[in-house]
Amino acid sequence: DPLENFHIAMKWRDNIGSGNPFLPPEPVLEEIARTQPEIKILNMNCNDVSKRRVDSVFEEIFGYSLSVDPGTYSGKCVMKANGNGLHLGEIIECPTEIRKKDFVYEKLINNEVGNGLVEDIRVPIFSNKIPFVYLKYRPVRERLVDRGHTLKQTVIAKVSDALTENEVEKIFRFCAKMRLDYGEIDVLRDRDTQKIFIVDVNNDPCGPPFPAEGQDARKALDLLILAFEKTFLRE
């Protein structure tokens, strides 16, 4: 309730199902920012998490690209929706003259880890803190469908188990450029080159993801709560 006493706010909109990667202005938050500049509003300026924006900032920070030109690229690529959370993706062969409106074309990252599974690294971000990472595993045939029913296992792991110090530093720079104060990003590691690729940014975080449950889910929540408190409530 903006009429009550509070110390922090967050720009969060449930866009699940809509696919809209753009956050519109929120008049209540705009007024708070104007009249009470001492109030911290998380993700106030993180208004574009489209795949095109993610690709552009990723290339700027990491120095290599995820995007491809389907007309000149040779090999398999992923054609997927520019929006967020739609899971509309298809693996196509390039070069091709296919051009779909509101779709992007990206390299097919080899994140296979054996046993017919691929690995996604989901990274919770709290400004310049990453308390842990989720390692998510699904069948290769469903690599583009990040849904509860496709996940075979979710593991809570140390950051150092999945990312190097240099990669973490670049991830922080990437998130700062995206204006993401608090959220989650999806990272894939290419097994051929060992490079990481940021493929998605979520400024409407929720979780822990299925099938983490019981003690694992409680552990994740405890770590998320502690990271939030240390980052945003004890400054």
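Here is a short chat about the fold of this protein, which is a predicted model.

Residues are numbered from 1 along each chain as its sequence is written. Local features need pLDDT of at least 70 and side-chain atom pairs count only at pLDDT 80 or more, while totals for chains, interfaces and linings use all residues; side-chain values use heavy atoms, with hydrogens and water left out.

User: How many helices and strands are there in the protein?
Analyst: Helices (H or I, at least four residues) and strands (E, at least two) are DSSP runs, numbered from the N terminus. Going by that, the protein has four helices and eleven strands.

User: What radius of gyration does the protein have?
Analyst: The radius is taken over C-alpha atoms, and the globule rule is 2.2 Å times the number of residues to the power 0.38. With 235 residues, a compact globule would come out near 18 Å. The protein agrees with that, because its own value is 18 Å.

User: What percentage of the 235 residues count as buried?
Analyst: Buried means under 20% relative accessible area, exposed means over 50%, and partly exposed is in between (1.4 Å probe, protein chains only). Of the 235 residues of the protein, the buried share is 47%.

User: Which residue in strand 5 is the bridge partner of K80?
Analyst: Strand 3 (residues 75–81) joins strand 4 through six antiparallel bridges, and strand 3 joins strand 5 through five, also antiparallel. On the strand 4 side, K80 stands opposite G89. On the strand 5 side, the bridge partner of K80 is V104.

User: Is strand 3 largely enclosed or open, and how many of its seven residues are buried?
Analyst: Strand 3 is largely enclosed by the rest of the structure. We can say so because the number of buried residues, out of seven, is six.

User: How many residues of strand 8 are buried?
Analyst: Strand 8 (residues 133–139) pairs with strand 7 (residues 117–126) in the antiparallel sense over six bridges, with R122 partnered by Y134. Five bridges also join strand 8 to strand 9 (residues 153–157), again antiparallel, and K136 stands opposite T154 there. Strand 8 is mostly covered, and its buried count, out of seven residues, is seven.

User: What arc do the buried residues of helix 3 cover around the axis?
Analyst: In helix 3, E167, V168, K170, I171, F174, C175 and M178 are buried. They sit on the same side of the helix, because the arc they cover (from the directions from the helix axis to the C-beta atoms) is only 165°.

User: Which exposed residues does the face of helix 3 turned away from its buried side carry?
Analyst: The buried residues of helix 3 are covered by parts including helix 2 (51–62), strand 7, strand 10 (182–189) and strand 11 (196–202). The face turned away from that buried side carries the exposed residues E165 and A176.

User: How far apart are the end C-alpha atoms of helix 3?
Analyst: The expected span of a helix is 1.5 Å times one less than its number of residues. For the 14 residues of helix 3 (residues 165–178), that should give 20 Å. The model agrees, because the end C-alpha atoms are apart by 20 Å.

Methods:
Two strands pair if DSSP finds at least two bridges between them. Contact means heavy atoms within 4.5 Å.
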